[in-house]
Amino acid sequence: MQKFENLLLSLEDAILTITVNRPDKLNALNSQTLDEIEEAIQLAVDNNDVKAMIITGSGEKAFVAGADISELAQLNEMTARGFAEKGQEIFQSIENSTKPVIAAVNGFALGGGCELAMACHIRIATKNVKFGQPEVNLGVIPGYGGTQRMTQLIGKSKALEYMMTGDMIDVNEAYRLGLINHIAEDHDDLMSKSKDILAKIMNKAPLAVGMVIDCVNAVFRSDENGYQTEANSFSNCCKSKDFKEGTQAFLEKRKPEFTGE
Ligand code: COA
């Protein structure tokens, strides 16, 4: 497995775990770490041995405490747009991955860290987590898709409140708001819950799973008729070998063996 300076990668049971590893900076995303995330996601998307991903942070304190503020402080009007667009593009590649991605949130998920978690398909969090978009404290706004995805996930009223106050969201509130799917007891439980859910998903027909992701994402693509996308994808599923296998296996009262074809 390729080595990165600020990421740890491990592949087990077809699940690639990507750990952001700058614990002394609470795993803040400097430009190198962001570049490495981009590379790691591409690697996972291209590699047939990888069927799913977990993104997490190193140590017990933080998932990712945001964009690296020492780099952020250097931005000006000219450079800031590219900074935001680059982060948005990388997080879109996570959201658009047809392989499922879980954010295993193990501590502070602030700013770019909250945005990273929100770009993943499912979020599971330990009890010590604090989510938030505190950019207004720095005189700026979320730039890696936070204004859009937080609104999609928790609704306009609460999203506006949290992004205008910069308040942090604790685990119970995150669960209540639907920002996270599950609460884990501790770090071991976090990783095992994440792996159990991915194992369940990996048992299903991969093309169908990928199309579910794409059709749900289509809800938020304003230039697209999601119902049309759903009908097209439904039709595409029906020409797959896995559709024949899934339906046949049901009729023959046996477990299906999906191949992703
Ligand atoms: N960028 C750069 N460095 C960061 C960082 C960030 N987003 N978040 C934390 N760090 C660094 C701190 O500067 C400190 O480094 P140092 O030891 O070299 O001084 C180290 O990580 C530990 O953080 P510290 O602030 O001492 O921990 P804490 O427990 O007192 O507070 C937080 C934790 C998360 C509340 C606090 O670090 C924080 O507010 N971070 C910024 C969050 C933020 O605004 N994110 C959005 C950025 S757009």
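A polar contact is a pair of N or O atoms within 3.5 Å. The exercises below apply this cut-off and others to a predicted model.

**Exercise 1.** Determine which polar atoms of Lys 61, Ala 67 and Ile 69 lie within 3.5 Å of a ligand N or O atom.

*Solution.* 
Step 1. For Lys 61, a polar side-chain atom is found 2.5 Å from an oxygen atom of the ligand.
Step 2. For Ala 67, a polar backbone atom is 3.0 Å from a ligand nitrogen atom.
Step 3. For Ile 69, the distance between a polar backbone atom and a nitrogen atom of the ligand is 2.9 Å.
Step 4. The ligand on its own has 860 Å² of accessible area, of which the protein covers 60%.

**Exercise 2.** Describe the shell around the ligand by residue, class and secondary structure.

*Solution.* 
Step 1. Sorted by class, the shell holds 10 nonpolar, 5 charged and 1 polar residues.
Step 2. At least two shell residues come from helix H2 (69-72), and at least two from strand E6 (108-110).

**Exercise 3.** Is Arg 149 buried or exposed, and which residues does Arg 149 touch?

*Solution.* 
Step 1. Arg 149 is located in helix H5, which spans residues 146-154.
Step 2. The relative accessible area of Arg 149 is 6% and the cut-off for burial is under 20%, so Arg 149 is buried.
Step 3. Leaving aside residues up to four places away in sequence, Arg 149 touches Phe 91, Gln 92, Glu 95, Met 118, Ala 119 and Tyr 144.

Technical notes. Residues are numbered from 1 along each chain as its sequence is written. This is a predicted model: local features need pLDDT of at least 70, side-chain atom pairs count only at pLDDT 80 or more; totals for chains, interfaces and linings use all residues. Side-chain values use heavy atoms; hydrogens and water are left out. Helices (H or I, at least four residues) and strands (E, at least two) are DSSP runs, numbered from the N terminus. Buried means under 20% relative accessible area, exposed over 50%, partly exposed in between (1.4 Å probe, protein chains only). Contact means heavy atoms within 4.5 Å. A residue is near a molecule or strand if one of its heavy atoms lies within 4 Å of it. A polar contact is a pair of N or O atoms within 3.5 Å; within protein, one must be able to donate a hydrogen and the other to accept it, and residues adjacent in sequence count only if both atoms are side-chain atoms. Accessible areas come from the Shrake-Rupley method with a 1.4 Å probe; for residues, only the protein chains shown count as cover. Ala, Val, Leu, Ile, Met, Phe, Trp, Tyr, Cys and Pro count as nonpolar, Asp, Glu, Lys and Arg as charged, and the others, Gly among them, as polar.
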